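Hi,

Here's the structure I promised to send over. Have a look at it first, then read my notes below.

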Amino acid sequence: MKNLNMSQLFEKLNDVKSLFIYGQKIIPVLQSLVDFMQETVPLLENINHSIADSTSKIPRATDQINNVTNATELATTEILDLVDVISNNLSTIDNSLKDITEKEKIKSSVIEKLKALLPDNAEAMQLFQEYKDNDVTISQIEKLSEVFPKIQNDTYNITLSLQVQDITSQQLAAVNHLIESVQTKLASLIHDIDDTNLKEVQSSENYSTPEGATFDPNASYDKSGDRQDMIDEIIQSENQKASQDEIDKLFS
Amino acid sequence: MSLKFLVVDDSVTMRRIVANSLKNLGYDNIIEAVDGKDALAKLAADPAINFVITDWNMPVFTGLELTKSLRSDEKYAKIPILMVTTRGVKEDIIEALQAKVSNYIIKPFTPQVLKEKIDQILANVQ
């Protein structure tokens, strides 16, 4: 009985010895793990700080994008105002030229009548001819009148090109939305690492997104007409489908 | 038929461009609304409005919501509604057709397309 106990004791001591030997082997590994952790912590803190820093800058980025949208809208409005002024001025000049043309026609008619009254006066006839040769007003006005519709058309085309402002503002709103989504994700990441930093980020949220703002992330300034053709085809096809459904209902 | 247009768009630029285009086509009777809710108020205040040109993406009340709201009201069930939007995905177009828009224009539009669509709508109305 005593021998059995001693044998068990030695067995246990051997186990403890193995454990010590294993411990001696594992201690350097644990030490290197601790060293690694000590080196990693500042790195993680650094990453955390960078994320917090980047996140706090995001509101400023969205503000700047909103400022760009507001500035382009203001500038576009100013351009539209100027185009309206140019159009109105062109109309005024065009109307004045029309009046001048009418008066010139009356003047020509008066000259012809005068010529008819003085058919025997050679000097007067010569003067009338000289007057006619130098009278280019009507032809000049006609040339100018041809240019006016072109200028009007060009100014109108400027107006149409300004549709780009609405399209880019939607694209910018989509970018803003994307940035805000990234900020939310980053904030939640910071929350996982350190609660206090999240509070800092939230307190720096001074950006404003228009309430209920909607936008089309796929908005594009495509003047080719292909997209309109595609839409027309879809509408035609859907209308045909609807008509066929109505016919089918009638016969069912 | 004397037409009175209601141009609905949250973008002041687009409202002016559409209004200018309508004036160029000879339509001078135009009023504007900044979103769907404003459009409903303008329609209620002015029974002479008989043609709506609306954007889709607007805050407060979208062009699609406006269309659905008008179509569900007997008074406006047949008023022409022309959607002018940047949304060119097939699903969007079908959704708009299901909401019963009269026609659909993608931005940026040309005056020729605007005229063509207005003429098509008017031909169907008459």
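A salt bridge here is a side-chain nitrogen of Lys or Arg within 4 Å of a carboxyl oxygen of Asp or Glu. Before we go on: this is a predicted model, where local features need pLDDT of at least 70 and side-chain atom pairs count only at pLDDT 80 or more, while totals for chains, interfaces and linings use all residues. Residues are numbered from 1 along each chain as its sequence is written, chains are lettered from A and ligands numbered from 1 in the order written, and side-chain values use heavy atoms, with hydrogens and water left out.

There are 17 salt bridges over all chains. In one of them, B:Asp9 pairs with B:Lys107, with the closest N and O atoms 3.1 Å apart. B:Asp9 sits in the loop between β1 and α1 and B:Lys107 in the loop between β5 and α5 of chain B, so this pair ties together parts 98 residues apart in sequence. (Helices, H or I with at least four residues, and strands, E with at least two, are DSSP runs numbered from the N terminus.)

B:Lys107 also meets B:Asp55 in a salt bridge (3.3 Å, N to O). Together with A:Asp166, the residues B:Asp9, B:Asp55 and B:Lys107 are linked in a network of salt bridges.

How accessible is B:Asp9? B:Asp9 counts as buried because its relative accessibility is 4%, as buried means under 20% relative accessible area, exposed over 50% and partly exposed in between (1.4 Å probe, protein chains only). B:Lys107 is buried at 1%, and B:Asp55 is buried at 1%.

Cheers
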